[in-house]
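Please review the following briefing on the fold, surface and backbone geometry of the chain shown below.

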Amino acid sequence: MQTDSEGGVVSRSTVALSLLGVAAVALLVRLVDLGGRIFHWDEGRVGYWILRYHETGEFAYRPIIHGPFLPVVNDYVFALLPATDFTARLPVAFVGALLPLSAWLFRKHLRRDEVVALALFLAFNPLLVYYSRFMRNDVLVAAFSFIALGLVVRAYDTGRLGYLIPAGVSFATGAATKENYIVYLACFLGAGALVLDHRLLARTSAGESARDIVFSEWPRALVERVRNYGAGSLSAGGVRLGAGILGGLAAFFVVFVFFYAPRPDLWNAIGNPSQLPAVIDAGSAGAFSEMLDSWLGGGHQSHDYLPYLEDFLETFVYGAPVLIAFALLGIIVDRYGVVAGRIRWLVTFATYWGIVSIFGYPIATDIQAPWVVVHAVVPLAIPAAVGAAYVFRSAWTAFDTKDTVGLGLAAIVLLASVGGVVAANADYWNASTEEDKEVLQWAQPANDLQTTLDDIDRIAANNDGTDVILYGTHPPNSDETHFYVSNESNPLGGPSWHSRLPLPWYFEKAGVEHISTPPEAEPGDVSARGAPVVIAYEWDREELESELDGYVVRQHAFKLWSEDIVVFIDADALETANETAV
């Protein structure tokens, strides 16, 4: 075993094999029973529009459902595989499972055991696991932005400026997932500025001249680095650096336009190049303008700060307690030179980035949602890796020196950490109940609704005409309308299509014929239509139950702690459907 200050107690080849093993297990963890949790409200919304795009071939960027990555990629997935909860989540699961491999990009700045620890945190943190098994964009934008950062760091470390091209591709792919890629860019620039300030302050505190450092030493170092890019020639180095930067920017632009360009306009422009300028404009400046208008000028951040911060911290503590503990230890270990006798800029950079994310996302987000905590977990995985590796090395040293007390303490910490991560992942596995509300978002239906939806699918396959009636209603003490849509062929034309989610996803992919009644409709009007399934909100259960004789009634949590729905199923239709299925 190698135990020098750079390598830790594992060899380079062992690190590479370990990362591959971690990624393989991470993929398995994300794929097993991936379709076992019913779609969340937001998954149902995006999933429905993906199905519409897959059916019609028409798609244009709509900021309210975030970037076009999932519609574009899942359109290809659904061309190969049936549209299911499992297949819809596949892209996020794969990206989440491959994220641990990105730890290899930071190997010059982390000890080898720290690289492995970083991969483990990225693979098995409960929040990252849960939201890698969820068709949302947060894990995607975090992963692609982190990978892009790693590629830029690698370009800096090695002088191989070709790394900037895949960095541009990765960051553009992240930009195609969710608009907060802009926040990532701001965090990178801000954390970088703070690291420079940190280093400058340390040196001026030791008596050095800030003027000499900023206006003499740093420019000379920059010129020397550029000269090295050109094998001793400053002009050649400048050309190579410029080409690398332009290559990265060009790669970013091409990928960005590919995702954001409207369909089928993009494909039409390939056959008719005269249309290409308009398509490129729509997929670049046009998309960016819509993005800014919606997310910066749309009032999404008009909310009180402290409740959002409290919600963020609650999710963070419940979903990442092991990471928090090791991150705090790692910051101390690195800052006070316990490991290598110096403060490493990458660890400091990640610390600043993570802290800003903790206090910044409660401002940036438009709803109280636990998935935004992912954006703090990813950067803080770096100092957490430092802390965990330090404990591991302490245990190894104690074992080597036969220090039973030290070995016992370190072993307890490591075993408790592993147990905590495993227990949390097991607890949150496909969770859909209020018991786990600290990690789950409130618009999650209960899993038992899935069985009823499967019954509806079978009934619809054996039924001619309308399969489902959605009973329009007003919530108690409210003038809002739920379930009723005046024009079923145009969901956005009705007053309350979103109150049905995630049902539209399930109905659309199964071909369920459905209509809705206005809130002023009488229960007798519903029974007279004779549909085999009627769906209503819980507060209308009593008045409908007396009218729907011969129907079995099932009640399900539609939102975790605020709404229930009731599903009335014609008993004869259900029996026929079950017999046919057998």
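Helix α16 spans residues 345-364; its 20 residues reach 27 Å from first to last C-alpha, close to the expected 28 Å (1.5 Å times one less than the number of residues). Helices here are DSSP runs of H or I with at least four residues, and strands are runs of E with at least two, both numbered from the N terminus. The model is predicted: local features need pLDDT of at least 70 and side-chain atom pairs count only at pLDDT 80 or more, while totals for chains, interfaces and linings use all residues. Residues are numbered from 1 along each chain as its sequence is written, and side-chain values use heavy atoms, with hydrogens and water left out.

- Buried means under 20% relative accessible area, exposed means over 50%, and partly exposed lies in between, with a 1.4 Å probe and protein chains only.
- Helix α19 (residues 449-461) has 13 residues and covers 19 Å between its end C-alpha atoms, close to the 18 Å expected.
- Among the buried residues of α19 are L449, L453, I456 and A460.
- An α-helix has 3.6 residues a turn, so residues three or four places apart point the same way.

**Overall dimensions**

- The chain contains 23 helices and five strands.
- Along the principal axes, the C-alpha atoms fill a box of roughly 85 × 70 × 45 Å.
- Of the 582 residues, 49% count as buried.

**Nonpolar surface patch**

- Y76, F258, W267 and I270 make a nonpolar surface patch of about 410 Å². Patches consist of residues with over 30% relative accessible area and no salt bridge; like charges are joined within 9 Å and nonpolar side chains (Val, Leu, Ile, Met, Phe, Trp, Tyr) within 5 Å. A salt bridge is a side-chain nitrogen of Lys or Arg within 4 Å of a carboxyl oxygen of Asp or Glu.
- Accessible areas come from the Shrake-Rupley method with a 1.4 Å probe, and for residues only the protein chains shown count as cover.
- Y76 belongs to helix α3 (residues 69-80) and is partly exposed, with a relative accessible area of 44%.

**Backbone geometry in loops**

- Most residues other than glycine have a negative phi, and most peptide bonds are trans.
- The R263 to P264 peptide bond is cis, with omega near 5°; P264 lies in the loop between α11 (234-260) and α12 (265-271).
- N477 has a positive phi near 60°; N477 lies in the loop between β1 and α20 and is exposed, at 86% relative accessible area.

**Residue L503**

- L503 is in helix α20 (residues 503-510) and counts as buried at 1% relative accessibility.
- The C-alpha atoms of L503 and F483 are separated by 10 Å, with the two residues 20 apart along the chain.
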